[in-house]
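We will go from stop to stop, selecting a few residues at a time.

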Amino acid sequence: MGGEKHWNWNGGKMLLSGYVYLKAVDHPYKNSAQRVAEHRLVMEKKLGRYLTTNEEVHHINGNKTDNRIENLELVIKKLHYGKVKCPHCQREFKVK
């Protein structure tokens, strides 16, 4: 028994490494289980295009399951460092 009739059905969402994944059979960047991270799908919908393999979606508040568009920002992989603290004044800022 699978899908909605399965005892562990949760609306088609799956948690993997703290991220929410959704079934996306036709997505060009789906994983081997035919799933894509929900935060990537939300950003793609906002942009109206697929993300490139060089792009990542950062969760601003650090909560990997909070996939509201206002909590997401697009970053380039090599520049995705997140928040750092100034060693002199202790103020936090983002490095991109």
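How much space lies in the largest pocket? About 340 Å³. Keep in mind on this tour that the model is predicted.

**Stop one: the pocket.** Select Ala37, His39, Arg40, Glu56 and Val57, which lie nearest the centre of the largest pocket, among the 21 residues that line it. By type, the lining divides into 6 nonpolar, 8 polar and 7 charged residues. Now colour strand E4, residues 55-59. With 4 residues, E4 gives the most to this lining, while E2, E3 and H1 also supply at least two residues each.

**Stop two: the sheet.** Next, show the open sheet of 3 strands, which run in the order E1-E2-E3 with antiparallel pairing. At its edges are E1 (13-16) and E3 (35-37), each pairing on one side only. From one strand to the next, the twist averages 40°.

**Stop three: the hairpin.** Zoom in on E1 and E2, which pair over 4 bridges in the antiparallel sense. Select Met14 and you will find Tyr21 of E2 opposite. The hairpin has 2 residues between its strands, and Ser17 there takes a positive phi near 55°.

**Stop four: the other pairing.** Move to E2 (residues 19-23) and E3, an antiparallel pair with 3 bridges. Here Leu22 stands opposite Val36 in E3.

**Last stop: the helix.** Select residues 38-47 to bring up helix H1, which packs on the sheet and touches E1, E2 and E3. The direction of H1 makes about 75° with that of E3.

How values were computed:
Residues are numbered from 1 along each chain as its sequence is written. This is a predicted model: local features need pLDDT of at least 70, side-chain atom pairs count only at pLDDT 80 or more; totals for chains, interfaces and linings use all residues. Side-chain values use heavy atoms; hydrogens and water are left out. Two strands pair if DSSP finds at least two bridges between them. Axes are lines fitted to C-alpha atoms, for helices over the stretch in contact, and angles run from 0 to 180 degrees between N-to-C directions. Contact means heavy atoms within 4.5 Å. On a 1 Å grid over the protein atoms alone, a cavity is a set of points where a 1.4 Å probe fits but cannot get out, and a pocket is an open set with protein on both sides within 12 Å along at least five of seven lines; lining residues have an atom within 4 Å of a point. Grid points are joined across faces, edges and corners, and a volume is the space filled by probe spheres set on the points. Ala, Val, Leu, Ile, Met, Phe, Trp, Tyr, Cys and Pro count as nonpolar, Asp, Glu, Lys and Arg as charged, and the others, Gly among them, as polar.
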